[in-house]
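Subject: Structure for you to look at

Hello,

Here is the structure I said I would pass on. Please open it next to this message and follow along.

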Amino acid sequence: MTLTETHTETHTETHTETHTETHTETSPRTAVAALARDVVKIYGRGDTAVRALDGATLSIPAGRFTAVMGPSGSGKSTLMHALAGLDTVNEGQVLIGDTDLAGLSERQRTLLRREHVGFVFQSFNLVPTLTAAENIELPLTLAGRRADRAWIDELVEMLGLADRLLHRPAELSGGQQQRVAVARALAARPRIVFADEPTGNLDSRAGEALLGFLRHAAHELGQTIVMVTHDATAAAYADQVVFLADGRVVGELPAPTVPEILSRMAGLGSAARSGKEK
């Protein structure tokens, strides 16, 4: 199934029907892919210290698509960096699977990310001198691992990249570059994939197609996806939306719809403004 076919099939049914079917199929999955417990992250010292996370607790279910939202400065990107092992925390516990990141050295965290974590960035972060095929297999090359050719071929077909594999990033559209980045993130079959505003540099059609594939990857391939976004439409593709405010997780919304998300976000914005006025 190509990326376009995935998007078309997804939107043939209503959003409600899609989520009803999804939650029926995935309800037995109770495994936790990543966990943050009472996490505190402070930047700076003394009077200039910023408490980016203030006791944040979040459990990421395996094989599901989770969106993380919150007002500017709520700590959503900081939480993603902590969960991914990109940054250490001052207090609390962070686990990927059963591995507690606090007990790992910087080298061990690097190896853990290489083996078990995939990343999709807003700016694509492709190596300009490599072809699309070489970019996709780059994590495996760096890890010294042999590519699972059948799996790579399946990803390439689903993402509609078969005729673009020999092209370099400058020869690809923004949507094609982001699809290469997604294939790269999934190439090593990671335990969890983190996507930071993955549709931020895409037009609406390319963004919708990409989000449809991310949902497909969770539902059909069992891939755990965590996406940080400010876009309610993008978040509505997820199985659940987690809301942050002032460095804490303040709510979750299963089977989200755009109106529900916008309502929650409006409430968080009002609370933030009230706090500043006081």
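Predicted model: local features only at pLDDT ≥ 70, side-chain atom pairs only at ≥ 80, totals over all residues.

Strands

Strands of a sheet pair through backbone hydrogen bonds, either parallel or antiparallel. Both kinds of pairing turn up here.

The antiparallel case is an open sheet of 4 strands, in the order 2-1-4-5. Strand 2 (50–61) and strand 5 are at its edges; each has a single partner strand, so one side of each has no neighbour in the sheet. For strand 5, pairing with strand 4 (residues 91–96) is antiparallel and rests on 2 bridges. Helix 3 (residues 76–83) lies across strand 1 (32–43), strand 2 and strand 4, and runs at about 60° to strand 2.

The parallel case involves strand 3 (residues 65–69). Strand 3 is joined by 4 bridges to strand 8 (residues 224–228), and the two run parallel. Another 4 bridges join strand 3 to strand 9 (residues 240–245), again in parallel. To locate these pairings, look for Phe65, whose bridge partner in strand 8 is Ile225, and for Met69, whose bridge partner in strand 9 is Phe243.

How many of the 5 residues of strand 3 are buried? The count is 5 of the 5, so strand 3 is largely enclosed by the rest of the structure. In a regular strand the side chains alternate between the two faces of the sheet. In strand 3, Phe65, Ala67 and Met69 are on one side, Thr66 and Val68 are on the other, and both faces are covered.

Helices

Two packed helices are described by the angle between their axes and the distance between the axes.

With helix 7 (residues 149–158), helix 8 packs at an angle of about 155°, and the axes are 10 Å apart. Angles over 145 degrees count as roughly antiparallel, so helix 7 is roughly antiparallel to helix 8. Their crossing is right-handed. On the helix 7 side the contact is made by Trp151, Ile152 and Leu155, which meet Ala183, Leu186 and Ala187 in helix 8. By class, this contact has 6 nonpolar residues, with no polar and no charged ones.

With helix 9 (residues 204–221), the axes come within 10 Å and cross at roughly 15°. Helix 8 and helix 9 are therefore roughly parallel to each other. This crossing, too, is right-handed. Gly175, Gln178, Val182 and Leu186 in helix 8 meet Ala206, Leu210, Phe213, Leu214 and Ala217 in helix 9. The classes here are 7 nonpolar, 2 polar and no charged residues.

Two single residues

Asn135 sits in helix 5 (residues 132–136). Is Asn135 buried or exposed? Asn135 has a relative accessible area of 0%, so it is buried. Leaving out residues up to four places away in sequence, Asn135 touches Leu126, Val127, Leu130, Pro169, Val180 and Arg184.

Leu104 is in the loop between strand 5 (99–100) and helix 4 (106–116). Leu104 and Gly85 are 19 residues apart in sequence, and their C-alpha atoms are 9.7 Å apart in space.

Regards

Methods. Residues numbered from 1 in each chain as written. Heavy atoms only, no water. Axes fitted to C-alpha atoms, helices over the stretch in contact; angles between N-to-C directions. Parallel < 35°, antiparallel > 145°, perpendicular 65-115°, else oblique. Left-handed = near helix turned anticlockwise from the far one by under 90°. Contact = heavy atoms within 4.5 Å. Nonpolar A, V, L, I, M, F, W, Y, C, P; charged D, E, K, R; others polar. Buried < 20%, exposed > 50% of the residue type's maximum accessible area, 1.4 Å probe, protein only. Pairing = 2+ DSSP bridges.
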